[in-house]
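Below is a short report on selected local features of one protein chain.

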Amino acid sequence: MIELMIAAPASGSGKTAITCGLLTLLHRLGKNPCAFKCGPDYIDPMFHRSVLGVESHNLDLFLSGKETMRAMYRRAIAGHAAAVCEGVMGLYDGVGGTTTQASAWEVADTLGLPVVLVVRPKGASLTLAAQIRGLREFRTPSHIVGVILNDCSEMLYRTLAPMLERETGLAVMGYLPHLPEAQFESRHLGLYTAREITDLTQRIHRIADQLEQTLSLERLLRRCEQNSPPWGGIETFPKPDVRLAVAQDEAFCFTYAETLEEFRRQGIAIVPFSPLHDAKLPDDVHGLYLPGGYPELYAPQLERNRDMRESICCAVCGGLPTVAECGGFLYLGERLEDKQHMSHVMAGVLPGHGVYRGRLVRFGYAELTAKCDSLLFRTGERIPVHEFHYWDSDENGDSMEAVKPVSGRRWECGITTETMYAGFPHLYFAGNPQLAGRFAAAARNYKEMHYGT
């Protein structure tokens, strides 16, 4: 099986463009590739899905343990002949920026993945060899097997490639010249989402067409051939006995594939709906999941959909088991302002107004400690989470204490009850299946109380 990680010395090197182009080439070869993303990023997997038409999975060693991640990876590659994992930030950049914990390198080391570095040669030549050699020698093993030069002309490639191979001992596998198609636009939470780029499929195919000409795919595949043990077949889920309404639209799109799989593993049927476009919650549901996303960009439309806001408010206040993370948490509040600081009415389940801060707020990994029993947590339990948002609330709750690793910064957050978790911290149910089990149990209790057996 072909297995590899696309990594880089730093963010902005072009990992996503190379990953999507390579996935397309592997698909053309009939390899039925699957994709992964290191870290908690939601957006890059959307690009992978747009290429493959299948789910892409996150691999995060802060949010889950090594054995859990290995099992998740083996399940996900079942039935595929190739797997490509996109790294995060620089190869060795981990928790706190001062450790390798949860870095792309730690994921590659845990799974034994060959690493192909994507490097922009702008403004350097021989010094580039020193940087690549330093990356190769910084940890043992580095797992680095080759280099792809990005945003590089043919003339420069012909000059650099033999020198880099001589000085670093690594294979230079090809290059991608400057392509406007490979420049994906960003905003406050990263790249624009895949569905917002209307010509994304055509752009990715143009990247792949170019790589067909300038990448030695045969050389890359040869160095990334792995003897991976088979998982033992495609996973099957138990027959569901409860139904979970899951917000999925332009405003609520930050959902891990692994989270939905863990829900299914717990006997939960996923029922998608749109707070933007639907008039009410789906019928006969026994729980509600409001993930993060961009509600601030769609605040006027969410406000105008009064029927949905009232439907959700009535259901949640009536005891429907509910998890609302980040954007979902803002939606349950009283009001939410947009980027122009115009305020809009939201569902009104919770106190608090969502406000734009113009900067990242409490960004990064943290560990939650529950201060009381609730829908998902038990007193004293510690759960790894992450936060990534430019908006804040004037009522963040105090049901839990959050602590950042390395710095030790602390704050209170989260509004929890017997039937609800709402807060900015994103949960990772695949790494903490007991949380999904409790959510499923609460949904079954709700079903029995309201619908009978």
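Aspartate 284 is located in the loop between β11 (268–273) and β12 (287–290). Helices (H or I, at least four residues) and strands (E, at least two) are DSSP runs, numbered from the N terminus. This is a predicted model, in which local features need pLDDT of at least 70 and side-chain atom pairs count only at pLDDT 80 or more, while totals for chains, interfaces and linings use all residues. Residues are numbered from 1 along each chain as its sequence is written, and side-chain values use heavy atoms, with hydrogens and water left out.

**Backbone geometry in loops**

Aspartate 284 has a phi near 55°, a positive value in a residue other than glycine. A positive phi also occurs at asparagine 32, near 45°, in the loop between α1 (15–28) and β2 (33–38). The table lists the accessibility of these two residues; buried means under 20% relative accessible area, exposed over 50%, and partly exposed in between (1.4 Å probe, protein chains only).

| Residue | Relative accessible area | Class |
|---|---|---|
| Asparagine 32 | 38% | partly exposed |
| Aspartate 284 | 36% | partly exposed |

A cis peptide bond runs from threonine 140 to proline 141, with omega near -5°. Proline 141 sits in the loop between α5 (126–138) and β6 (144–150).

**A four-stranded sheet**

Four strands form an open sheet in the order β15-β14-β16-β19, and the pairing is mixed. Two strands pair if DSSP finds at least two bridges between them. At the edges are β15 (343–345) and β19 (391–393), each of which pairs on one side only. On average, neighbouring strands of this sheet are turned by 25° against each other, direction ignored; the axes are lines fitted to C-alpha atoms, for helices over the stretch in contact, and angles run from 0 to 180 degrees between N-to-C directions.

Strand β16 (residues 353–356) runs antiparallel to β19, and 3 bridges join them. Tyrosine 356 has tryptophan 391 in β19 as its bridge partner.

**Aromatic pairs**

Rings of Phe, Tyr and Trp (its six-membered ring) pair if their centres lie within 6.5 Å; planes under 30 degrees apart count as stacked, over 60 as edge-to-face and the rest as tilted. By this rule there are 16 aromatic pairs. In one of them, tyrosine 356 and tryptophan 391 are tilted, at 4.4 Å centre to centre with 35° between the planes. These two residues are 35 residues apart in the chain. Tyrosine 356 counts as buried because its relative accessibility is 18%, and tryptophan 391 is buried at 2%.

Phenylalanine 377 and tyrosine 421 form an edge-to-face pair, 5.6 Å centre to centre and 80° between the planes. Phenylalanine 377 lies in the loop between β17 (364–370) and β18 (382–387), whereas tyrosine 421 lies in strand β23 (residues 420–423), 44 residues apart. Both of these residues are buried. Elsewhere, ring pairs link Phe263, Tyr289, Phe429 and Phe439 into a cluster.

**Buried glutamates**

Glutamate 337 belongs to strand β14 (residues 335–337). This residue is buried yet has no salt bridge, and the nearest side chain of opposite charge, arginine 357, is 7.0 Å away. Lys and Arg count as positive and Asp and Glu as negative, with His and the chain ends not counted; a salt bridge is a side-chain nitrogen of Lys or Arg within 4 Å of a carboxyl oxygen of Asp or Glu. The side chain of glutamate 337 does make a polar contact with the side chain of histidine 341, at 2.9 Å. A polar contact is a pair of N or O atoms within 3.5 Å; within protein, one must be able to donate a hydrogen and the other to accept it, and residues adjacent in sequence count only if both atoms are side-chain atoms.

Glutamate 86, in strand β4 (residues 82–86), counts as buried at 1% relative accessibility.
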